[in-house]
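Here is a friendly walk through one protein model. Keep the sequence and the 3D view side by side as you read.

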Amino acid sequence: MLIDWHTHIHSPANQAKPYWGGRCPMTLENVLAAHALAGLDKSVISNAGHFLRFCTTVSETVAGLEDSNRYLAKCRDLHPDKLVAMATCVPGGGDECLRELERAVKEDDCRGVIIGSSHHGQYPDADAAKPFFKLVTDLDIPVFVHPGDSTTPATTDYRLASSISRPADNCLSLARLIVRGIFEQFPSLKLVGSHLGGGICEVIGRMDYAYNLPEFAFFLGPYEPMLIKHPPSHYLKMMYLESTSYTPLAAAMCLRTVGADHFVFGTDSPPLIPLKREGLEMMDQIGMTPPERDKVMGGNAARLLKLN
């Protein structure tokens, strides 16, 4: 089975927002076209959540989440043989956001949830997000961590916000979840880092020595409160990573870091349909054995989403 974990659809209300200029590429039609182009069995659809940065109140946030969750469920219902829906949630958004997530899972049959790597400067390791992680582990659904908006003045040109800022924020988010003890608190959590975890496999050695050298590395700053019992690399192997990167050597490194049982195929296409084939063809260049390929290209996703 060939499953693309990472495709995006936005609701008509969101597609109509002025910042898309009437050209939002995250549509049902584009997902179906890309699905056919790659010869997929299933496309997992989610909302990239960019609209959330414009929400200023809880009621506005919850309304946007419900609009998106219901629309993606409707898209799935129109094409149940092709699509699997994920809900969207804000981990520290409060009880109303959690109630909407629970509704989307139980009523709309959303099989996972996508969250931003950060939201309005807050990261999902915050204490306010603990009820979210309790809920998703109780519901036994995977959590897909996807870059939120993290544009800085230095990344407003050359599209560096997309190519640099967002992956970096994703890496920081996953790193904070590790050192803040998310797997000690919720050992059954199924956490999936998008875009190869934003480079976390490259920096995990630095995270390990920051943990392993508490006295010698005093000049690096404090390492407290101590919330983990093992080096960070121990917890990284408990995560899943998704393959979107378009760089075979980087994808191969992540595959070997977390193992074939914890690596899932994805393309982040749409929005950029031309990248669908590139993302798929890259998977032939990362040295997978046939059994590994069966897991990465669909088996792991089917298991996480309970499609078997």
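How many Å should the 13 residues of α8 span at 1.5 Å a residue, and how far apart are its end C-alpha atoms? The expected span (1.5 Å times one less than the number of residues) is 18 Å, and the end C-alpha atoms of α8 are 18 Å apart, so the two agree. Helices here are DSSP runs of H or I with at least four residues, strands are E runs of at least two, and both are numbered from the N terminus.

Before going further, note that this is a predicted model, in which local features need pLDDT of at least 70 and side-chain atom pairs count only at pLDDT 80 or more, while totals for chains, interfaces and linings use all residues. Residues are numbered from 1 along each chain as its sequence is written, and side-chain values use heavy atoms, with hydrogens and water left out.

**Helix α8 and its surroundings**

Several residues of α8 are buried, among them I200, I204 and Y211. Buried means under 20% relative accessible area, exposed means over 50%, and partly exposed lies in between (1.4 Å probe, protein chains only). The buried residues of α8 pack against α6 (160-179), α9, β8 (240-242) and α10 (248-258).

**Aromatic pairs**

A search of the whole structure finds seven aromatic pairs. Rings of Phe, Tyr and Trp (its six-membered ring) pair if their centres lie within 6.5 Å; planes under 30 degrees apart count as stacked, over 60 as edge-to-face and the rest as tilted. Two of the pairs are set out here.

| Pair | Type | Centre to centre | Between the planes |
|---|---|---|---|
| F133 and F186 | tilted | 6.2 Å | 35 degrees |
| Y211 and Y223 | edge-to-face | 6.0 Å | 65 degrees |

F133 sits in helix α5 (residues 130-139) and F186 in the loop between α7 (182-185) and β7 (191-193), so this pair links parts of the chain 53 residues apart. F133 counts as buried at 1% relative accessibility, and F186 does too at 12%.

Y211 belongs to α8 and Y223 to the loop between α8 and α9 (232-236), so their pair ties together parts twelve residues apart in sequence. Y211 is buried at 17%, whereas Y223 is partly exposed at 27%. Elsewhere, ring pairs link Y19, W20 and F54 into a cluster.

**A look at T61**

T61 is found in helix α3 (residues 58-78). Is T61 buried or exposed? At 7% relative accessibility, T61 counts as buried. Its side chain reaches the backbone oxygen of T57 at 2.9 Å.

Methods:
A polar contact is a pair of N or O atoms within 3.5 Å; within protein, one must be able to donate a hydrogen and the other to accept it, and residues adjacent in sequence count only if both atoms are side-chain atoms. Contact means heavy atoms within 4.5 Å.
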